[in-house]
Amino acid sequence: MTTPQPAIQAKGLTKTYKPRGGGPVVEAVKGIDFVVKKGTCTGLLGPNGAGKSTTMKMLMGLTQRSGGTLDIFGHDAAGLSREERTRIALVPQDDNLDPDLTVSENLMVYGMLFGISRAVLKDRVPQILQYMQLTEKADARVNQLSGGMKRRLTIGRALVNDPDLLFLDEPTTGLDPQARVMIWQRILELKKQGKTLLLTTHYMDEAQRLCDHIIMIDHGKVLDEGSPAQLIDKHVKKHVFDVTKPIPLDLPPVDSEDVGDSVLFYVEDGATFRKKLPEDATYLHRPANMEDVFLRLTGRKLRD
Amino acid sequence: MTSVIYLRDFFANIRPILLRFGYEYRTVWKAQIVRDLIDRLLYLFAFGFGMGALVTSMDGMPYLTFLVPGIAASTGVFVMTMAMTYGVWERSTSYKLYPAWLATPVRLPQILMAELLYATLRTLPSILILFLLAGFVLGAIPSFWGAVLALPVLMLANLAFGAIAMCFTVHIYRPLHFAYVNTLWATPMFLFSGVFFDLSQAPAPLYWFSQALPLTHVISLVRPLLTGQELTALQVVTDLGVLLTLFIGGYAYACWRFQKRLLD
């Protein structure tokens, strides 16, 4: 049996650039390899400056790669045909909606940029507005929308060409919980429709909830990858005990990490460890999550 | 075959961006025409009637008649320069519309061509109103058909002015610096291209300087057309050649540099 062709394949992908105004050459992406399988939601995670957005830009052909190969649908990402481009859409990190147009004109023009006829768009634009709960705002200008509405419109705009492959660059950053939940539902529905999604986010609960596969990158390199469950299992075990200092003596020797006011203990068997803790100890017991993995892999030092 | 597909895609991709400008124009057209026209009319009235009272004839014609073609030709200098500096900056960098459009099948040369075409079309109503006013109200356009012929010449000229302004834009990283394009390029060209005085009577250095300015080559076509002066075939070929070269050359350079700037 042959393996089906992946939606995206990167090998030794590199991006270096000279900062404007001089200074040493910056290596934003240092030779990364990854594969995004068709019909999956893959998360590209990492701290600020890890190289996520640069990778996204290279995928979209918005910046030139410096080395390695990057294929989409089996063809070089930098030289996709018009037809292949119509199968891809991007939800960028910043909303770049057109402030000179109304909400529905934004979708109309964007659809036509993909070569979709006006007749088709006359039906599709109201559908998308309804899907993203923006129908009442159809004739509003973009700057009359709230942050959450803008984000929904940006996501709706990326659906106007009914893409097979969708890049979501921090789709829920800065949104209230209601809007995030609504956008998660939409993303899960897109996954059900068989679309391939590549997602970046700083919200680990979001990544854990939406992604089948996670690629952790930092300083332009892949740190590790796998399903959320695999990564949690591998790096932090199943349970976390956040024990406030002073730490009781004679605890079993398990994987632990000092985080200042408390120590995190990562353990496989929660019940056994709990019995070892003295009754007067102050602690918080919770299941391990992607946030633990993220912080363990990328460290706790602040980034700029 | 590849080039046929390229051309087909090229025009297919320009259309939606022009439509986008059409949507925008629907809401701003009145303000746009007033803005584009009003300072031209101020120059026309101030110099036409002020200077015109002192200078009774210039190059063998009434001063107002001499002035109208130059004022009409200079409309595009300012409209196109504004649109291709501040306007392009706004859409490409502050609104980030270019990155949004480039995430679709549209490519940069198509965006820049749509910018040029729209801005050029936008100058048409202003120039028409100027012609109607100067011709029918002030009686300062002797040749009606000459004025009709001048319109396509002015459109080509405006494409060239736009392409040149774009070449400045690709090298400017702070919108503050766009003011230099006006003060060091558009305004001197307006003053030294024979809008206000007969270049053939000007001192030799000034004459040669004026020949290096694109606006001179527009006026040397448009003034004979509007006033019925003689126009030689050589003159037509030279001036149109200059304008066409500037348009294509400027556009190609702007595409190349802008691509580098956006993609690096």
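1. The second largest pocket has 22 lining residues, and nearest its centre are Gln211(B), Thr216(B), Ile219(B), Ser220(B) and Gln235(B). A pocket here is an open set of points on a 1 Å grid over the protein atoms alone, where a 1.4 Å probe fits, with protein on both sides within 12 Å along at least five of seven lines; lining residues have an atom within 4 Å of a point.

2. This is a predicted model, in which local features need pLDDT of at least 70 and side-chain atom pairs count only at pLDDT 80 or more, while totals for chains, interfaces and linings use all residues. Residues are numbered from 1 along each chain as its sequence is written, chains are lettered from A in the order in which they are written, and side-chain values use heavy atoms, without hydrogens or water.

3. The second largest pocket holds about 520 Å³ of space. Volume means the space filled by probe spheres set on the points, which are joined across faces, edges and corners.

4. Helix 8 (214–227) of chain B is among the elements supplying at least two residues of that lining. Helix 8 of chain B gives the most, with 6 residues. Helices (H or I, at least four residues) and strands (E, at least two) are DSSP runs, numbered from the N terminus.

5. The largest pocket holds about 1500 Å³. Its lining has 49 residues; Lys57(A), Leu62(A), Thr63(A), Leu262(B) and Asp264(B) are the closest to its centre.

6. Both chains contribute: strand 1 (8–17) of chain A and helix 9 (233–263) of chain B are among the elements that each supply at least two lining residues of the largest pocket. Helix 9 of chain B has the largest share, 6 residues.
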